[in-house]
Amino acid sequence: MVTLLADVAPSASDPSTLITVGVVLVLVALMVFALRKVMRRGRPPEAPKLQSQTQVPPELTPKVEAPALPKVTLPPSEAEAARRAEAEQARAKAAELAALKAKVGTEAQQHQLRDDLEAAKREAYRAEKALEVEERERKKREREAAERQAAEEAQRSVAEAARVAQEKKDATQRKVDAEGGQTLSAGLAKTKREGFMARLAGLFGGAPRQVDESVLAELEEVLFTADIGVKTASALVDHARAASKSKALGSAELKGVIREEVQRIVTLKANHALKGGGPPHVIMVVGVNGAGKTTTIGKLAAKAQASGLKVLLAAGDTFRAAAAEQLDVWAVRAGAELVKGKDEADPASVIFEAVKQGIEKKVDLVIADTAGRLHTKANLMEELKKVKRVIDKALPGAPHEVLLVLDATNGQNAIMQARQFHDAVGITSIALTKLDGTAKGGVIIGICDELKVPVAWAGVGEKVSDLKAFDPKEFVAALFDD
Ligand SMILES: Nc1nc2c(ncn2[C@@H]2O[C@H](COP(=O)(O)OP(=O)(O)OP(=O)(O)O)[C@@H](O)[C@H]2O)c(=O)[nH]1
Ligand SMILES: [Mg+2]
């Protein structure tokens, strides 16, 4: 264009030349305008403005959607920094070319610069896209780190909550221990919540109904599937039927009738004093394997020692190698003496020796452990009879108590065991253990009804303080009262 103007300059005063120049200028202007339009149409979209290299752009910080996600800001990676530098360079180059193009005037130079500028802009666009990819990657890493931190924090909170809960539990346990272990009613909670009592409560507690044959049939159905045994169940239903015949009963009154009858059945006189026959007072402890004999002996010894009695334990379970050691642990814990024989020694002779030593040492109480045995094994029951006879030889009139330990979780089978042990050695009292872990506490009713032997002790846990003197009133209240 400069050349063109120079060419026409000499004849500038000629009006036709001036018109020609004017027309040429207008045409050139039009061409430039049209060309720019075409160029703009083919140009890539405006690249976003680049951020400074050192600052993390605010939009890169992770968007916290859930309040639990912490804010995590990571430094740009090496790749991102490199992409950013490239994008800056490309943008600077494009800006430089654009400035240069604005300055120079020849068409050839303009043409060349236009191509260079286009190339530079494309390069800047590419570099910015590459940078965006890196930035997105960083955002992703920031989000992942935030999620990790949130998960760790959640884990810490769960662990903390568990620790606090455990502390509370320990404090409650300490309180329970200080107050003398689990109560009988706490030990019967499962029986009340899940056992036949829960079904009875449904029968007594629903909409008030007149007690008729259909109510009695329901009562029968519940009691027959309970753990109290068929004999006791039918006796209770008969009793309810007789009561409803003598006087019209509502379902709430039926509860009173059953409650009273259960109270009558379980109220049998038991000796909780741990003395009375002696000196010494001798208790022989029997039962099937794992019923809780040794544990109950340990608890009884601790109780007796704490009440000022002098106790001696006889390790009459010579069948299991570890049995004497187990009893020894309890003896040490209770502060009681222990007499044990050699492994596989005759249990009768070990217990004989223990009773003799008990007399010599003037102890108040001798408790003899025996090996667990199946009530159906005749020879083993014979062995028990022999032990009993030999104790009587050591101290005429002893044993003063034969304590049968029954595992409440055995349910009705415990009644069978009780019958057979009773037939063999004449049970005087029963310790019903593991009431805390079962809904079958109703078995007490069946045992008392069928054998007329009192449940003297109730095991409601594994600790020393978890052996309770069985109180019939407390038992009935725990089951029937709201
Ligand atoms: N939860 C609970 N566990 C008990 C109770 N009484 C005893 N146990 C547990 O029952 C298990 C067996 O108790 P032992 O005293 O060894 O029973 P055993 O009748 O002497 O067993 P053998 O000597 O093998 O015939 C032990 O783990 C005791 O801790 C109780 O009242 N409640
Ligand atoms: Mg034992």
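Helices (H or I, at least four residues) and strands (E, at least two) are taken here as DSSP runs, numbered from the N terminus. The model is predicted, with local features needing pLDDT of at least 70 and side-chain atom pairs counting only at pLDDT 80 or more, while totals for chains, interfaces and linings use all residues. Residues are numbered from 1 along each chain as its sequence is written, and chains are lettered from A and ligands numbered from 1 in the order in which they are written.

Around ligand 1 there are 21 residues (C-beta atom, placed from the backbone, within 6 Å), the closest being G292, T294, T295, G372 and G459. Helix α11 (residues 293-306) gives the most to this shell, with 3 residues. The shell divides as follows, by residue class.

| Class | Members of the class | Residues in the shell |
|---|---|---|
| Nonpolar | Ala, Val, Leu, Ile, Met, Phe, Trp, Tyr, Cys, Pro | 4 residues |

Helix α15 (residues 412-425) has buried residues (20 or more other C-beta atoms within 10 Å of their own), including A414, I415, F421 and V425; what covers the buried residues of α15 includes β1 (281-286), α14 (378-394) and α16 (443-451). Just after α15, G426 takes a positive phi of about 65°.

How values were computed. A residue is buried if 20 or more other C-beta atoms lie within 10 Å of its own, exposed if 12 or fewer, and partly exposed in between; C-beta atoms are placed from the backbone. Two residues are in contact if their C-beta atoms, placed from the backbone, lie within 7 Å.
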